Amino acid sequence: MGCAGSTPAKGDGNVKKIRKPKPWKHPQPITKSQLVQMREEFWDTAPHYGGRKEIWDALRAAAEADLTLAQAIVDSAGVIVQSADLTVCYDERGAKYELQKYVLSEPTNLIRES
């Protein structure tokens with residue numbers, strides 16, 4: 001149950017709390033539309049590098065959600081978070097999922113389009 005004396009359920013010992021990625025800078029300043037294009041290309045091609053499509057879908061949903069919802073998504077999908085910023089994750093079968101920083105947050109040198 002949820003009382004103070006209860007012990008964590010099986011597998012809860014290594015659950016990492018998700019946090020925002022550290023600020024980062026793209027090699028060249030890019031616009032929001034260029035960032036969106038890069039993200040679309042990443043998500044379109046990522047499943048071809050291995051892992052399960054449903055885990056990639058869960059990771060995309062988590063990357064696009066706020067931190068609380070992202071935590072719930074990865075927990076319910078059975079994703080094992082290696083890096084708290086979601087850059088390295090595993091599924092229950094041990095497949096590795098590496099997410100680029102640009103799908104998780106905006107660069108500090110993003111060009112604001114008017």
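What follows is a series of questions and answers on the model, from its confidence to its packing.

Biologist: What is the mean pLDDT of the protein?

Modeller: The model is predicted, and local features are read from it only where pLDDT is at least 70. Of the residues, 86% reach 70 or more, but over residues 5-13 the pLDDT is below 50, and that stretch has one contact in the model beyond near neighbours in sequence. For the protein, the mean pLDDT is 89.

Biologist: In what order do the elements of the protein run from the N terminus on?

Modeller: The protein holds four helices and five strands. Taken from the N terminus on, the elements run β-α-α-α-β-β-β-α-β.

Biologist: Among contacts between residues at least 6 apart in sequence, what percentage join residues at least 24 apart?

Modeller: As background on burial, 36% of the 114 residues in the protein are buried. For contacts between residues at least 6 apart in sequence, the share that joins residues at least 24 apart is 60%.

Biologist: Within what arc do the buried residues of helix 2 fall, seen down its axis?

Modeller: The buried residues of helix 2 are Ile55, Trp56, Ala58, Leu59, Ala62 and Ala63. They line one face of the helix, because the arc within which they fall, seen down the axis of helix 2, is 160 degrees.

Biologist: Against which elements do the buried residues of helix 3 pack?

Modeller: Ala70, Gln71, Ile73 and Val74 are the buried residues of helix 3. They cover an arc of only 165 degrees around the axis, so they lie on the same side of helix 3, while the face turned away from this buried side carries the exposed residues Thr68 and Ser76. The elements against which the buried residues of helix 3 pack are helix 2 and strand 2 (80-81).

Biologist: Which residue follows helix 3?

Modeller: At the start of helix 3, a side-chain oxygen of Asp66 reaches to within 3.1 Å of the backbone nitrogen of Thr68. Beyond helix 3 comes a residue whose phi is positive, near 75 degrees, and this is Gly78.

Biologist: How many residues apart are Trp56 and Tyr97?

Modeller: The structure holds five aromatic pairs. In that of Trp56 and Tyr97, the ring centres are 4.9 Å apart and the planes stand at 70 degrees, so the pair is edge-to-face. Trp56 lies in helix 2 and Tyr97 in strand 4, which makes this a link between distant parts of the chain, with a separation of 41 residues.

Biologist: Which residues form one aromatic cluster?

Modeller: Phe42 and Trp43 form an edge-to-face pair at 5.0 Å centre to centre, with 80 degrees between the planes, and both of these residues are buried. Trp56 and Tyr97 are buried as well. The residues of the one aromatic cluster are Phe42, Trp43, Trp56, Tyr97 and Tyr102.

Biologist: How far apart in space are Val88 and Glu98, C-alpha to C-alpha?

Modeller: Val88 is found in strand 3 and has a relative accessible area of 16%, so it is buried. Leaving aside neighbours within four places in sequence, Val88 is in contact with Val81, Gln82, Ser83, Lys96 and Tyr97. Although Val88 and Glu98 are ten residues apart in sequence, their C-alpha to C-alpha distance is 4.7 Å.

Biologist: Is Thr31 buried or exposed?

Modeller: Thr31 has its place in strand 1 (residues 30-31), and a polar contact of 3.2 Å joins its side chain to that of Ser33. Leaving aside neighbours within four places in sequence, Thr31 is in contact with Leu110, Ile111 and Glu113. Because its relative accessibility is 16%, Thr31 counts as buried.

How values were computed:
Residues numbered from 1 in each chain as written. Heavy atoms only, no water. pLDDT = per-residue confidence, 0-100. Contact = heavy atoms within 4.5 Å. Buried < 20%, exposed > 50% of the residue type's maximum accessible area, 1.4 Å probe, protein only. Helix = DSSP H or I, 4+ residues; strand = E, 2+ residues; numbered from the N terminus. Arc of directions from axis to C-beta. Polar contact = N/O pair within 3.5 Å; in protein donor to acceptor, adjacent residues only side chain to side chain. Phe/Tyr/Trp six-rings, centres within 6.5 Å; stacked < 30°, edge-to-face > 60°.
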